[in-house]
Amino acid sequence: MEIRQLRYFVGVVDAGSFTKAASLLHVAQSALSLHVRQLEERFGTQLLVRDRTGVTVTASGAKLLERARTILEEIHLTEAELTNTVISPAGEVTIAIPSGAARVLSGPLLESVMNELPRISLKMIEGMTGPLEEWMAAGRFNLAVLYRTAETVGHTMVLAREEFCLVVPAGKPPFEDSIPLTDLHAFPLAVPMRSNNTRRSVADVVAQHGCVLDVRFEVDSLSTIVNMVIDGKAYSILTPSAVHKEASEGLVRTVRIVDPVITRSVVLAVNPTDERSPAVSAVRKLIPKVARTLIESRCWSATLPDNNP
């Protein structure tokens, strides 16, 4: 028995005749008659009584009609549910974001998900990059915003490129807009732990140029590092996004590091087991749009990747 046979049978009963049903269903009358006859042969009983005024159902036909309506309704509901899963995805999506990027990205991303994907519950985990990298590798998140050097981007989607700067307490030197890498040794630094991706990005470039940094404090908390700079207890090497709020309020200053410039990529990684999830895919597509809007509106001091459409 085929689903279309049930549809045709219900259609004939609802129309009251084969002629009207053929017109409504856009199917030849002979084809409708054939399918109804096949149903009758399958069940071994007459389902419809045909006369000059149309058709009427037999007792057996009435039973089949009731069951057929239920079956067809269930099929319709299933099709609608599966289609809506793609068109209007629902469910929980977990995403990890490093503390620095979270300062500019978290709020706009949560707002965009709320407005554009109202059936998705976004669970956001913020932290330092070292633990987030490990947890993502262990499959604890659906998505993760991570930091990469140009050589280690791999197949991840690049959201933005950032330049590192010297974060300076208000009113303290240097007062220039930029500072050579070789001059950084003069400033006592508070920086993330050695396992942190941000720290490694800077350390690699410093080592390549034979420079030495005066690292006084290693702290695995961005807020603590920023507060130390505000209090004048240390300087730091971070990206502008990490101190966007404090710099705008005049609590710290950012001085661009040059000769050479130190850059990193902000990338979006997806858990391979979640790539086919409609909810994860929807958030995954939304994040680059949010990042682009922030960069173009200068709310994020970063540049778009070269391949950004």
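Predicted model: local features only at pLDDT ≥ 70, side-chain atom pairs only at ≥ 80, totals over all residues.
1. Leaving aside residues up to four places away in sequence, Val145 touches Ile95, Ala96, Ile97, Pro98, Ala101, Leu105, Leu159, Val266, Val267 and Leu268.

2. Val145 belongs to the largest nonpolar core, which has 32 residues. Leu143, Val145 and Trp300 have the most contacts inside this core. Several elements each supply at least two of its residues, among them strand 3 (91-98), helix 5 (99-116), strand 5 (143-148) and strand 13 (263-270). Helix 10 (278-296) is on that list too. Helix 10 gives the most, with 10 residues.

3. There is a second, separate core of 21 residues. Leu6, Ala15, Leu48 and Ala68 are included in this second core.

4. Four strands make up an open sheet in the order 8-12-7-11, with mixed pairing. Strand 8 (178-180) and strand 11 (236-238) are the edge strands, and each pairs on one side only. From one strand to the next, the twist averages 40°.

5. One pairing deserves a look. Strand 8 runs parallel to strand 12 (residues 252-258), and the two pair over three bridges. Opposite Pro180 stands Val258 in strand 12.

6. Which aromatic rings pair edge-to-face? Trp135 and Phe141 do, at 6.4 Å centre to centre and with 65° between the planes. The planes are over 60 degrees apart, so the pair counts as edge-to-face. Trp135 is partly exposed, at 32% relative accessible area. Phe141 counts as buried, at 4% relative accessibility.

7. Phe187 and Tyr235 form a tilted aromatic pair, with 4.9 Å between centres and 45° between the planes. Why does this pair tie together parts that are 48 residues apart in sequence? Phe187 lies in the loop between strand 8 and strand 9 (188-191), while Tyr235 lies in the loop between helix 8 and strand 11, so the pair ties these parts together. Phe187 is buried because its relative accessible area of 11% is under 20%. Tyr235 also counts as buried, at 8% relative accessibility. The count of aromatic pairs comes to two.

8. Two arginines sit over rings. Arg140 lies over the face of Trp135, at 4.7 Å from the ring centre. Arg264 lies over the face of Tyr147, at 3.4 Å from the ring centre. Trp135 is also the partner of Phe141 in the edge-to-face pair.

Key:
Residues numbered from 1 in each chain as written. Heavy atoms only, no water. Pairing = 2+ DSSP bridges. Axes fitted to C-alpha atoms, helices over the stretch in contact; angles between N-to-C directions. Core = buried A, V, L, I, M, F, W, Y, C linked by side-chain atoms within 4.5 Å. Buried < 20%, exposed > 50% of the residue type's maximum accessible area, 1.4 Å probe, protein only. Contact = heavy atoms within 4.5 Å. Phe/Tyr/Trp six-rings, centres within 6.5 Å; stacked < 30°, edge-to-face > 60°. Lys NZ or Arg CZ within 6 Å of the ring centre and 35° of its normal.
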